[in-house]
Amino acid sequence: MLLYLSDCNNFVIFLLSTHLCTRSLMDRTEASDAFNAGSIPAGCICFLKGVFMENQNRKDKVGGGVKYLKVHLINLFLMCKENRKTTILTAVFLAVVIVALALSIMAEKKSTTTAVIVPEDSSIDAETEVVAVPEEALEKDAYPEVNNLIKQYYQALVEGDMETIRSIKSSVDDKEEITIVEKSAYIEAYPMITVYTKKGPVEGSFVAYVHYEVKFLDHDITVPGVNPLYICQREDGSYFINEDVDAETVEYIKTVTAHNDVIDLYNTVQVQYNEVLTQNEELSAFLTQLPERLKESVSLALAKKEAENAPEEPEEVAAAAEEITVVTKVKATDVVNVRSSDSVEADRIGKTTQGQILDLLEERVNGWSKVEFEGKEGFIKSEFLEPEETMVVSAEEVQAAQEETSDSTSENGETTKGTLTDTVNVRRTAGTDGDKLGQLAEGSTVEILEKLSSGWTKIKYNDGEAYVKSDFVE
C-alpha cells in the first residue's frame, strides 16, 4: 500500500512507528504465533488507521486516482525542499515502496497454480500433502494418441467388445462388463466425440473430458453427454484408461474439474441435453425407462453367471435341503374371533381363549390362517397366532399336501401382488429340487396365489403356476 504523508514530520513519525512496530514483533517470544493468528501490535493499528483516515479526508477534498497522488507528492516535495536530507530519505522510501508494489503484482500474475490440501487424516505422506494443480485452459483434441484411445473405447462400447475394453482399461468387474454388453444393445453409434484434456498429476497423464453425442437405436435424434476419464501412459508409451487411482489423484481430479472452463463445459452440455429432451417426448420417455431396463437385465445376467459359477452342492447337503420344517400347531396370543372365511365380514363361528392351541391347516399371504376349531375349519388373523409345534417333512410330502388343497386363493377368489427383493429362481414345485422354469429379476411384481407354511410362495408364471422362496417376496 502506498500511503501519502502530509509533511516531513509525519514521514519521520511513520518511519519511527514502523520501526517500533517491527521491533515489538521481533522482541516477542511468540512472534510467529502472532503472525499465524493475524495479530499486529495495537500501536501500529492505531497509527496506520489514523494516517489512512487523514489521507481519506484529504482525498475527498482534492480528488482521486493519479491526480490525487501527483498533487500530494508535489506538496510533499515542496514542504521538504528546505531539508535536503529528509527529502533524500523520502525519495528512497518511495522508491522502495514502488519497487515492492511492482514485484508483488508480478508475483501475483506469475502464480498460476492451485494448492490441493490433503486432509490431515490422509494416509498420504506428509511430504506430498500439497499437490500443485496447474490452472491451464482445456485443450481440445490436442493429443492424437489420446483421441484414438478414446474413440477406440467408445466404438467398443457400441459393439459390446469386452476384449478391446479389457485391453485399454485398468480393470473391469463382472457387473461393469455385463452393463456394457447389455447397454450396447440399445446404442447405434457415437457420431460425435470431442476430447478436452488437462494435464494429470503425473508425467504423461491426462484428465480427459469426453464430450460426445450418442445415437440410440430407433431414435433419430442424438443425445449429448460428458464423461470424465483419467488417462495414463504405460512403460511402452501406450495410453490406457486408469480407474485404479489413489486418494491424492482423486483430489487432483476434483480440483481440476472445479476449474471454470470445465464447469462451463458441463453447463453447456447440460443445456443441450435439456433442450433435446424438451423437444422430443418419445426420446425423453426412453431415457427415463432405460436405467430400469438395464438394472433388470443386468440383475438377471449376474444371477445367471453366479449360478453357473457356483459349486455343486454335495449330495448330503442337497438331501438336507429337501427336508422342510413346517408349523403344525399354533397358539392364540389373545381372545380372538374365529370366522368362516378369511375376511372380517365373514360369519363369526366362535372365539378362542388366550393360549388356546389349534391345528394349523394353512397360512395365507393375505394375513389369515386356516385352523381346525371345534372340529371344523375356521379362519383367524395370523397376527394373533404364534408357532407352538413344528415338524420336519420331505418336499414330496409338502407337494402332495398342496395338490390336495383346492382353495389355493382366498375364499372370495382374490389374489395378492408381491414384489421380489432379489433375483430368484422360479421352480415347478415348492422345493430346491423342483425343475427350474426360469428367473425373475429383483423388483419384479408377481401375482401371489398362495403363501405356504413351508417357506415357498405359489405365483402365476407364464399363464401357469410356479413357486419362489417366500424369503424374497414382500
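Reader: How many aromatic pairs does a search of the whole structure find?
Author: This is a predicted model, in which local features need pLDDT of at least 70 and side-chain atom pairs count only at pLDDT 80 or more, while totals for chains, interfaces and linings use all residues. Residues are numbered from 1 along each chain as its sequence is written, and side-chain values use heavy atoms, without hydrogens and water. Rings of Phe, Tyr and Trp (its six-membered ring) pair if their centres lie within 6.5 Å, with planes under 30 degrees apart called stacked, over 60 edge-to-face and the rest tilted. On that basis the aromatic pairs number nine.

Reader: Which class does the pair of Y143 and F206 belong to?
Author: The pair links parts of the chain 63 residues apart, with Y143 in the loop between β3 (139–140) and α6, and F206 in strand β5. Because the ring centres are 4.4 Å apart and the planes stand at 45 degrees, the pair is tilted.

Reader: Is F206 buried or exposed?
Author: Buried means under 20% relative accessible area, exposed over 50% and partly exposed in between (1.4 Å probe, protein chains only). Y143, at 22%, is partly exposed, whereas F206, at 5%, counts as buried.

Notes. Helix = DSSP H or I, 4+ residues; strand = E, 2+ residues; numbered from the N terminus.
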